Structure formats: C-alpha cells, structure tokens
Amino acid sequence: MREPASLWKLRAASLERARKALERGDPEGLHDLRVALRRLSATASALGKKRLSREARAMARSLAPQRQLEVDRQLLARVGRLGFLSPDAVTALAARWEKLAARGDRRLARAGDGRAIHGLVRSVGRLAHRKRSPGADRIARARRRAEESLGRSLEGRDDAALHRYRLAVKKARYLAEDLYAMGLAEWKTHAARERALQETLGRWNDLRMFCRRLAESRVEAEERGSIGLASELEHLLAALEPAIASVRGSAVEASRQTASVVPITLRSA
C-alpha cells in the first residue's frame with residue numbers, strides 16, 4: 001500500500017505539469033490546472049492539511065470565470081458550425097467574448113508563474129519528502145463523508161442542489177482515486193462510476209452557464225439597439241431548452257443509480 005507521501009508526490013507532479021501546460025499556453029492547460037488544484041484540495045483536506053486545502057480550492061475558484069469563458073467560446077463555435085446562429089452573430093459574440101478573455105490574461109499569467117502557485121508547489125513538495133505512516137483510513141473516512149452527499153437522488157431538486165451535488169461527486173471521485181492509487185483496487189469501480197456521473201453533470205452545467213452568458217449577451221444587444229442579434233439569441237436560447245432538459249434528466253437518472261449503490265467499507269484497509 002502506498003503511503004500519503006506517495007499521494008503528495010502524485011499531487012505535486014500533476015500540479016507542476018498543469019502549471020507548465022498553462023504557462024506554455026496549451027489548450028487544456030487551464031482545465032488541467034483547475035483539476036490538479038481540486039484534487040490537491042480533496043487530498044489535503046482528508047489528510048488534515050486544511051490551510052493547503054483552502055488555498056488550492058481558492059485558486060481553483062479564482063480561475064473558474066476564465067475557464068467558463070473558455071468553455072462558452074468553444075460552445076459558441078459549435079453552435080455556429082451547426083447553423084444555429086448566423087455568421088454575423090457568431091462574429092459579433094466571438095469578438096465581444098474575446099475581449100472578456102483578454103481581460104483575464106494577467107490572472108492566467110499569475111496562475112501559471114505567480115507566487116501563489118509556486119508556493120503551493122513548494123508546500124506539496126515538502127510534504128512529499130516527509131515520512132508518514134499509511135493514511136488510507138483517513139482518506140477512507142473523508143470518502144465516506146463525501147458519500148453521504150451522494151445517497152439521495154436528484155429527483156425534484158433545483159439547479160443549486162444539482163450544482164452542489166456535482167461538486168460532491170468530484171470530491172468523492174478524487175478520494176476514491178486516491179484510495180485506488182494507494183493499492184485498494186476495489187475503489188476503481190466507484191471512481192469510474194462517479195467519473196461518468198461527473199461528466200454528465202458537467203455537460204449540464206456547461207450548457208446552463210452557456211445559456212446564462214447568451215442571456216446576458218441578448219440583454220446587451222437590446223441595450224445597444226442590435227435587434228437582429230437579440231432576436232437570434234432569443235431563438236437560440238429557446239432551441240437549447242430541450243437539450244438542457246435532456247442532459248439534466250440524464251444526470252438525475254444517473255444520481256438515482258448512484259444512490260442505490262451500497263457504499264463499500266475499508267474493513268480490510
């Protein structure tokens with residue numbers, strides 16, 4: 001069984017890889033860094049490093065608007081290719097959203113090569129060189145606490161509840177993957193199931209946030225007197241409603257199946 005030090009090595013390596021990817025300007029660099037930070041936060045919280053967990057979580061949250069804008073621009077390009085918006089409308093929105101993205105360039109630069117991220121890398125690196133006894137029991141307790149949030153179906157719950165559930169699924173999955181990395185193979189199935197659920201919830205959230213930005217852009221277009229653009233956006237929003245409802249339904253059904261699974265224990269750990 002791997003020791004916590006091995007987990008710290010994994011977290012340090014993934015954090016540094018993601019930081020370098022963002023610094024190079026890799027397309028998925030921002031996404032990878034946020035995932036590395038979320039994973040670090042979950043591991044640190046489980047192993048009692050609360051301050052480190054808070055710092056990693058705060059940095060991940062600070063990058064959320066820029067990541068969402070990145071996703072929104074990708075979805076805009078997709079609806080443009082599918083013909084849901086005219087080329088002129090896509091061009092107008094793309095230009096506006098590109099300006100918004102440019103405003104966040106300084107924040108991304110700090111995330112890739114700033115004092116805060118280097119401080120996190122050093123902190124995790126120091127933990128990786130310490131000798132500690134196996135901590136699977138601590139990770140397992142944190143995992144069981146995370147599972148409590150997954151024990152109810154999403155049936156009849158509002159969007160805020162779905163969003164909280166999505167974050168809980170992420171944490172539960174990351175802890176399951178920690179346990180699997182420590183040699184507890186029985187957690188692989190749980191991690192895989194939660195990854196699929198997380199992806200479904202992620203598609204729902206991406207579409208939901210994309211529609212929110214489209215709605216904001218429609219209001220802006222109306223205020224500028226761009227009636228044609230506002231009308232196109234209104235029709236697009238109406239066209240996307242069934243897609244959001246469908247993905248939401250898939251997420252609710254997946255949560256029902258997850259809630260029916262009896263959590264495993266670590267009596268043998």
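**Close-up 1. Buried aromatic residues W97 and F210**. Both W97 and F210 are buried, where buried means under 20% relative accessible area, exposed over 50% and partly exposed in between, with a 1.4 Å probe and protein chains only. The model is predicted: local features need pLDDT of at least 70 and side-chain atom pairs pLDDT 80 or more, while totals for chains, interfaces and linings use all residues. Residues are numbered from 1 along each chain as its sequence is written, and side-chain values use heavy atoms, without hydrogens and water. The structure has 1 aromatic pair. Its ring centres, in W97 and F210, are 6.2 Å apart and the planes stand at 85 degrees, so the pair is edge-to-face. Rings of Phe, Tyr and Trp (its six-membered ring) pair if their centres lie within 6.5 Å; planes under 30 degrees apart are stacked, over 60 edge-to-face and the rest tilted. W97 lies in helix α5 (residues 87–103) and F210 in helix α10 (residues 187–224), 113 residues apart. Helices are DSSP runs of H or I with at least four residues, numbered from the N terminus.

**Close-up 2. R19 in helix α1**. Helix α1 spans residues 4–24 and contains R19. R19 has a relative accessible area of 5% and is therefore buried. Between the C-alpha atoms of R19 and L30, 11 residues apart along the chain, the separation is 8.3 Å.

**Close-up 3. R144 in helix α8**. R144 belongs to helix α8. Its relative accessible area is 34%, so R144 is partly exposed.

Conventions
Helix = DSSP H or I, 4+ residues; strand = E, 2+ residues; numbered from the N terminus.
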